[in-house]
Amino acid sequence: MSNLAGAAQRLKDKVSIITGGAQGIGLATVRKFAAEGAVVAIADMKQEAVDAAVEEVRRGVNGARVEGYRVDVTNRADVDAMAAAVKARHGRIDVLVNNAGITLDARLQKMTEAQFDKVIAVNLKGTYNCAQAVVDSMVEQGGGVILNASSVVGIYGNFGQSNYAASKFGVIGFAKTWARELGPKGIRANAICPGFIATPILHTIPDKVMAQMVDRVPMKRLGQPEEVASLYAWLASDEASYINGAVIEIAGGLTV
């Protein structure tokens, strides 16, 4: 059982929605936010995964206030229902972490229309759907934070990832646009760009390829989900109150 919840809590009572929160970076972010005193709503695709994540966080973090919602971010009715439920239960929505995302890789010559459309639907339209679902609440209460998960691929591109790169470039554009539109209303929007992070998505990569990936990073290791979660938590906190429209790499120097 973590004692983190007993420490100084940077996110005390901040009502936060984290999409893709049932695994990987999303789940690490849920744990971090809960430990920092936030009220956390996990939104993810599969009910059983959501339920398991809620139970795990409640067991692992003293005093965790966490709840779960089965949400397909490409389905606007799902997203609106979740946002309305969180608002009805807690009276406000302070933070949205647009973490949900997928990859369906192929070279341009081989990529199917279905592969392209699915990645754009989840990563780009899903981010739009979630932000639009919460923004009125944030404007009404006079403040809020929207954090978009981009990627180093969203800055530099990557072989075989036309769809993913386009979606991650796009969410940077969202963050910069929303920073301009919503900054005067007390709402901050930022994007973070992880590099190679040790999540289950890497389990299918052969050891030789993994070693080559690690060798490309000046720090000679993969990032940990908890390190990304800590960046999200800081950006969501009042300590980052003048950070707006930023694009922050968390990649161990990969792109240097």
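The model is predicted. Helix α4 turns up in two of the pairings: with α6, where the axes sit 8 Å apart, and with α3, where the axes come within 9 Å.

**α4 with α6**

- Helix α4 covers residues 113-141 and helix α6 covers residues 162-182; they pack at about 15 degrees.
- Since angles under 35 degrees count as roughly parallel, α4 is roughly parallel to α6.
- The way α4 passes α6 is a right-handed crossing.
- On the α4 side, the contact is made by Gln115, Phe116, Val119, Ile120, Asn123, Leu124, Thr127, Tyr128, Ala131 and Val135.
- On the α6 side, the residues include Tyr164, Val171, Phe174, Trp178 and Leu182.
- Sorted by class, this contact has 13 nonpolar, six polar and one charged residues.

**α3 with α4**

- Helix α3 spans residues 76-90, and its axis crosses that of α4 at roughly 30 degrees.
- That angle is again under the 35-degree cut-off, so α3 and α4 are roughly parallel to each other.
- This crossing is right-handed too, with α3 passing α4.
- From α3 come Arg76, Val79, Asp80, Ala83 and Lys87, which meet a set of α4 residues, among them Tyr128, Cys130, Ala133, Ser137 and Glu140.
- Tyr128 is worth a look in the viewer: it's part of the α4 contact with α6 and also meets α3.

**α1 with α8**

- In α1 the residues involved are Gly24, Ile25, Ala28, Thr29, Arg31, Lys32 and Phe33.
- Those meet α8 residues including Pro225, Glu226, Val228, Tyr232 and Ala236.
- By class you get nine nonpolar, three polar and three charged residues in the contact of α1 with α8.

**Asp94**

- Setting aside neighbours within four places in sequence, Asp94 is in contact with Asp13, Lys14, Val15, Met138, Gln141, Gly144 and Val145.
- Of these, Met138 and Gln141 fall within the residue range of α4, 113-141.

Technical notes:
Residues are numbered from 1 along each chain as its sequence is written. This is a predicted model: local features need pLDDT of at least 70, side-chain atom pairs count only at pLDDT 80 or more; totals for chains, interfaces and linings use all residues. Side-chain values use heavy atoms; hydrogens and water are left out. Axes are lines fitted to C-alpha atoms, for helices over the stretch in contact, and angles run from 0 to 180 degrees between N-to-C directions. Helices (H or I, at least four residues) and strands (E, at least two) are DSSP runs, numbered from the N terminus. Angles under 35 degrees count as roughly parallel, over 145 as roughly antiparallel, 65 to 115 as roughly perpendicular and the rest as oblique. A crossing is left-handed if the near helix is turned anticlockwise from the far one by less than a right angle, and right-handed if clockwise. Contact means heavy atoms within 4.5 Å. Ala, Val, Leu, Ile, Met, Phe, Trp, Tyr, Cys and Pro count as nonpolar, Asp, Glu, Lys and Arg as charged, and the others, Gly among them, as polar.
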